[in-house]
Amino acid sequence: MSHSHDRTPRQDPAVPAQYDAWATVYDLFWARYVNKTIPVLQRVADVTAGERGLDLACGTGPFEWRVLDEEPDATLVGVDLSPAMVERARAKLDGRPGVRFEQADVHDLPFGDNAFDVAVCANTFHYFTHPEQVLTEARRVLRPGGRLVVLDWCRDVWTCRVMDAVLPHLDPAYQHCYTLDEMRALLAEADFSTHRQFRYRFDLIWGMMVVEAVPNHS
């Protein structure tokens with residue numbers, strides 16, 4: 001499959017600017033939230049020794065940290081649009097073999113076809129300007145039989161519907177929060193089959209969904 005860079009949609013520039021500002025305090029401020037979401041993603045993704053994993057919009061690397069603690073022989077690549085987040089992730093995991101972080105736009109991944117066994121995306125899908133393009137890129141870089149796991153807010157939950165109505169007025173980077181059915185439809189349009197999905201809630205406000213999907217055979 002050819003990989004054209006000509007007219008690829010790009011992420012809103014407000015996103016890296018916002019997260020550059022967050023980078024130094026993100027882990028502290030969002031510690032409870034991260035601890036209630038990343039371990040769930042880790043269990044579903046189930047990265048094993050010898051597998052190559054890609055973390056889309058990796059932030060400060062909490063997924064990589066947890067996976068490598070349990071499976072030190074995994075190979076992980078994290079990409080994020082924010083230079084400060086990438087720098088923070090590199091500092092946190094300095095000296096850990098098998099992991100690297102790159103600044104990149106998930107709408108236009110700098111990797112060859114069929115390069116990864118698993119791709120994950122946590123807590124960021126609601127920021128993507130062109131989610132269908134992100135999923136198309138994820139499918140391209142996954143090997144046949146690979147898997148994609150998306151964890152994000154779920155608009156089926158009323159608190160997330162409220163956030164979805166309010167946040168566009170407060171956060172210039174915010175795009176849209178999806179229902180589980182909408183997420184499944186986006187995946188189907190990108191030629192994925194959903195193999196597993198569930199919702200869960202914590203701390204009253206947060207309504208989450210997790211979807212595991214695999215590329216359809218060409």
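Guide: This is a predicted model.

Visitor: Why is His126 called buried?

Guide: Buried means under 20% relative accessible area. His126 has a relative accessible area of 1%, so it is called buried.

Visitor: Which residues does His126 touch, not counting those up to four places away in sequence?

Guide: Contact means heavy atoms within 4.5 Å. By that rule, His126 touches Asp152, Trp153, Tyr174, Gln175, His176 and Cys177.

Visitor: Where does Trp153 stand in the largest nonpolar core?

Guide: That core has 37 residues, and Trp153 is among those with the most contacts inside it, along with Val47, Phe63 and Met208. Helix α3 (residues 31–45) supplies the largest share, seven residues. Another core lies apart from it and has 31 residues, among them Leu109, Leu148, Leu186 and Ala190. Leaving aside neighbours within four places in sequence, the contacts of Trp153 include Tyr33, His126, Met163, Trp206 and Met208.

Visitor: Why is helix α6 said to be largely enclosed by the rest of the structure?

Guide: Helix α6 covers residues 131–141, and nine of its eleven residues are buried, so the rest of the structure largely encloses it. Among the buried ones are Pro131, Gln133, Glu137 and Arg140. Their cover includes the strands β1 (52–56), β4 (116–122), β5 (142–153), β6 (192–202) and β7 (206–215), and also α8 (180–189).

Visitor: How do you know that Arg140 forms a salt bridge with Asp113?

Guide: A salt bridge needs a side-chain nitrogen of Lys or Arg within 4 Å of a carboxyl oxygen of Asp or Glu. The closest N and O atoms of Arg140 and Asp113 are 2.9 Å apart, so the pair qualifies. Arg140 is in helix α6 and Asp113 in the loop between β3 (99–103) and β4, so the bridge ties together parts 27 residues apart in sequence.

Visitor: What makes Asp113, Glu137 and Arg140 a network?

Guide: They are linked by salt bridges. Besides its bridge with Asp113, Arg140 meets Glu137 at 2.8 Å, N to O. Arg140 and Glu137 both lie in helix α6, three residues apart, about one turn of the helix. The structure holds eleven salt bridges.

Visitor: What do Arg199 and Asp156 form?

Guide: Their side chains meet in a salt bridge, with N and O 3.0 Å apart. The pair links distant parts of the chain, with Arg199 in strand β6 and Asp156 in the loop between β5 and α7, 43 residues apart. Arg199 has 47% relative accessible area, so it is partly exposed.

Visitor: Why does Trp158 count as exposed?

Guide: Exposed means over 50%. Trp158 is at 53% relative accessibility, so it counts as exposed. Trp158 lies in helix α7 (residues 158–170). With Val162, Val166 and Leu170, Trp158 forms a nonpolar patch on the surface, with about 420 Å² of accessible area together.

Key:
Residues numbered from 1 in each chain as written. Predicted model: local features only at pLDDT ≥ 70, side-chain atom pairs only at ≥ 80, totals over all residues. Heavy atoms only, no water. Core = buried A, V, L, I, M, F, W, Y, C linked by side-chain atoms within 4.5 Å. Buried < 20%, exposed > 50% of the residue type's maximum accessible area, 1.4 Å probe, protein only. Helix = DSSP H or I, 4+ residues; strand = E, 2+ residues; numbered from the N terminus. Patch = residues over 30% accessible without salt bridge, like charges linked within 9 Å, V, L, I, M, F, W, Y side chains within 5 Å. Areas by Shrake-Rupley, 256 points an atom, 1.4 Å probe, with all protein chains shown as cover.
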